[in-house]
Every structure is written in C-alpha cells, then in structure tokens.
Amino acid sequence: MKEGKLPFVIEAEEVDRLHKASGLSLEGFLATLVEPTRSLARAPISKFHVGAVGLGSSGRVFRGVNIEFVGLPLNNSIHAEQFLVANAARNGERRLQFLAVSAAPCGHCRQFLQELRGASDLRILIADSKAETHELSYFLPHRFGPQDLLEDDFPLLLEPQSNSLCLNPSPQEASDILEDATRHSAGHHEDHSVGSVDQSVQGMNGMTLAIANGQGHEERANFSDQQLLDAAPEAQKLIQLQSLALEAANHSYAPYTNCPSGLSMMTRKGNLYKGSYFESAAYNPSLPPLQAAVVAFVAEGGGQFDEILHVALVEKAGATVRQADTIKLVLDRISPKASFRVFEA
Ligand SMILES: [Zn+2]
C-alpha cells in the first residue's frame, strides 16, 4: 500500500505491520508518513501545506491536514493539528502520545493542544531536515490552559463528555419536518437555500425548530397521501440528521462556556458526517462544529464542499455562545445550496 493512499485513521495492526517493514524506530517511521499526509492538505489561500501524524494510546495513527476556505475570513481555517485532534476524537481515541508535523506548530495549535490530558508531556517531532523531538512544554512554556480554569478532574478534550442534551420533537415539529421534506422531494430545494433562519416553531417542550427558508415567508400547503409517501424517505433523512447532530452535541467539549453544540451533514450521495464543537481555554483557537464535521468529510474521502446538501445543528436554547449565524455564513460560501436546520436542546 502506498503511504499516500493510507486512510486518515490507520488501525493499530496496520501501523505495527508498516512499522516493522520500515526497519525504523516507531517515531522515525511515523515521521515518514508526514510528507504523504501533507499532500492531502487543502490550502488554496496560503498554498502552505501542513501534514500532522499522531499516535494514540490505542496504537492507532491519526492524520491531519490544514484546510482553508476561499472567500471566508482566515479564522475559519482548520489547522492540521486541530484536524488531527478532531479526527482522533471522532474515533474515540482517549489520549495522544506523539505527534510528527511537517512544520513547527503555530501558536494557535500549541494553545489548542493544551486541552489534552498530559499536554505538557506530548512529544512533538518536527519532521524537517533537523528532525528534532521536544515535549509540548518546550514549545509553550508558561502555558495558560484548562488547569487555570477547570478543576483537575474535569474531563478534557478526548475524554468522555456528558452534556446530557436531548431533543423531543413535538407532533407539530415532526409534521413540519415532513412538510419540509415533502417540498424538498417535490423539487423545491432552492426554497431552502441558506439565507436566513426566519421561521421557527416553538414546541410544547420548549425546543425550537428553526427552518431555513430563503423565501423569507411561511410556506404551508396541502399534500396528497402520495406526496407524503414520497416525502417519507426525506423526512427520515432529516430525523437521522437531527439525531446525529444531537449525538455530536453530546460529545462536544465546551467546559468554558457550557454551550456545547454538534453538527451533522449529508451529501448528495447520502453520506453522513458529524462534528462536535471543541473549546479552547483561550477561546479563539476553539474548533466550531462545522469545521469538525468538515474534518470527518475530508477524512472519509469527501470531495468538493458543494457536495454537502443538508446540514443540521444542535445547540442549547438560550446559549451565550451560538454557532448558527456563523455556520449559515460559512455554508453560504462553501455550499450555497445546502439546507440548514437548527435544533435547540
Ligand atoms: Zn496551527
């Protein structure tokens, strides 16, 4: 198998096999994966491709690349180390032991990595001609991080989170989803382009279902049994998206604001991806849920971002940190025809 063809997650047995075949030390072998990883970066703005390769305590290897979005502010970019951590998180890895990166980690990533248990001891190899390994504490002494804001035993990033969010759509909301799906199956997809979240239905249990409706007005119609039947698979997709976004929100790491969120997306081919919001003690390096879902999309072989057709977000009602408006703007740029629904838990 060519290294460039390796998946974004390499199973422990495969790592072992390739490592033995290389005849190198484990760290030396992992360093050889950096260059082929780097070639997978999507950096149309900087043209500076970054590759990161991480070894988890399970023995699996996670890869990460930088992703940039043309037409959006730079702070929407995903750094390779963030990609790698989000990739490890979505695969249930509990701890990272070693990272090999193609260039010295930037300040943003040194800060983001502080959210990991044992961050100071994380060994980092810069796989350039000098190939030096240092612990993260070497790159970021006098650190500010979770230890300044959280109790010692608070679950950190990659550790199990218990956000206990739930959604219980009322019959009215379920019927709204079906109506929306009926319109979609009838070929009115353009009516749901990302533009504004201007229609919301307050459920009896306090959950708000907001439906993106680019037309800016409430649309109601009567549907025949056949139309409802045709719409059923669409409605199922929406309910599936909602439940995936909820799952992602419940894995979100938001200890500083207590505003967890999660996002799911479906492509034209029907492939599903999800991403959880991850916070940083320094706020700005936080990884939004859309970016985390883009990590899953890229890691699982997704192509152009305009393949993304439906997006659902779950966030807390009345949250002080909300993702919906920014996600709408980002989606409008990367996949303008995607529908976008927000569910409040
Ligand atoms: Zn960085």
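Strand S11 (residues 308-315), helix H11 (residues 324-334) and strand S12 form a right-handed β-α-β unit. Right-handed is meant in this sense: with the strands pointing away from the viewer, the path from the first strand over the helix to the second runs clockwise. Helices (H or I, at least four residues) and strands (E, at least two) are DSSP runs, numbered from the N terminus. S11 and S12 pair in the parallel sense over 6 bridges, where pairing requires that DSSP finds at least two bridges between two strands. Within this pairing, Glu315 stands opposite Glu344 in S12.

Buried means under 20% relative accessible area, exposed over 50%, and partly exposed in between, with a 1.4 Å probe and protein chains only. Ser339, Arg341 and Phe343 are buried on one side of S12, and Phe340, Val342 and Glu344 on the other, which leaves both faces covered.

## Basis of the model

The model is predicted: local features need pLDDT of at least 70, side-chain atom pairs count only at pLDDT 80 or more, and totals for chains, interfaces and linings use all residues. Residues are numbered from 1 along each chain as its sequence is written, and side-chain values use heavy atoms, with hydrogens and water left out.

## The protein as a whole

The protein has 11 helices and 12 strands. Of its 345 residues, 52% count as buried. Among contacts with a separation of 6 or more, 69% are between residues 24 or more positions apart; a contact means heavy atoms within 4.5 Å. The protein exposes about 15,400 Å², and carbon and sulfur atoms supply 51% of this area. Accessible areas come from the Shrake-Rupley method with a 1.4 Å probe, and for residues only the protein chains shown count as cover.

Gln323 is found in the loop between S11 and H11. At 8% relative accessibility, this residue counts as buried. Leaving aside residues up to four places away in sequence, Gln323 touches Ser261, Tyr277, Pro288, Pro289, Leu313 and Glu315.

Pro289 is also one of the buried residues of H10. The buried residues of H10 pack against H4, strand S9 (261-267), strand S10 (272-276), S11 and H11. Just after H10, Gly301 takes a positive phi of about 90°.

## The zinc site

The zinc ion has three protein donors: His79 through ND1, Cys106 through SG and Cys109 through SG, lying 2.2 to 2.3 Å from the ion. Donors are N, O and S atoms within 2.8 Å of the metal (3.2 Å for Na, K and Ca); water is not among the atoms, so sites may look incomplete. In sequence, the donor residues are spaced H-x26-C-x2-C. His79 lies in the loop between strand S3 (61-65) and helix H4 (80-90), and Cys109 lies in helix H5 (residues 107-112), so the pair ties together parts that are 30 residues apart in sequence.

His79 is partly exposed, with a relative accessible area of 23%, whereas Cys109 is buried, at 1%.

## Helix H1

Helix H1 (residues 12-22) has Glu14, Val15, Leu18 and His19 as its buried residues. They cover an arc of only 130° around the axis, which puts them on the same side of H1. The arc is that of the directions from the helix axis to the C-beta atoms. An α-helix has 3.6 residues a turn, so residues three or four places apart point the same way.

On the other side of H1, Glu13, Lys20 and Ala21 are exposed. Cover for the buried residues of H1 includes strand S1 (9-10), helix H2 (26-32) and S3. Just after H1, Gly23 takes a positive phi of about 70°.

## The loop between H7 and H8

Leu158 lies in the loop between helix H7 (146-149) and helix H8 (171-185). Its phi is positive, about 80°, although Leu158 is not a glycine. Leu158 is buried, with a relative accessible area of 6%.

Ser164 is also placed in the loop between H7 and H8. Phi of Ser164 is near 50°, a positive value in a residue other than glycine. At 63% relative accessibility, Ser164 counts as exposed.
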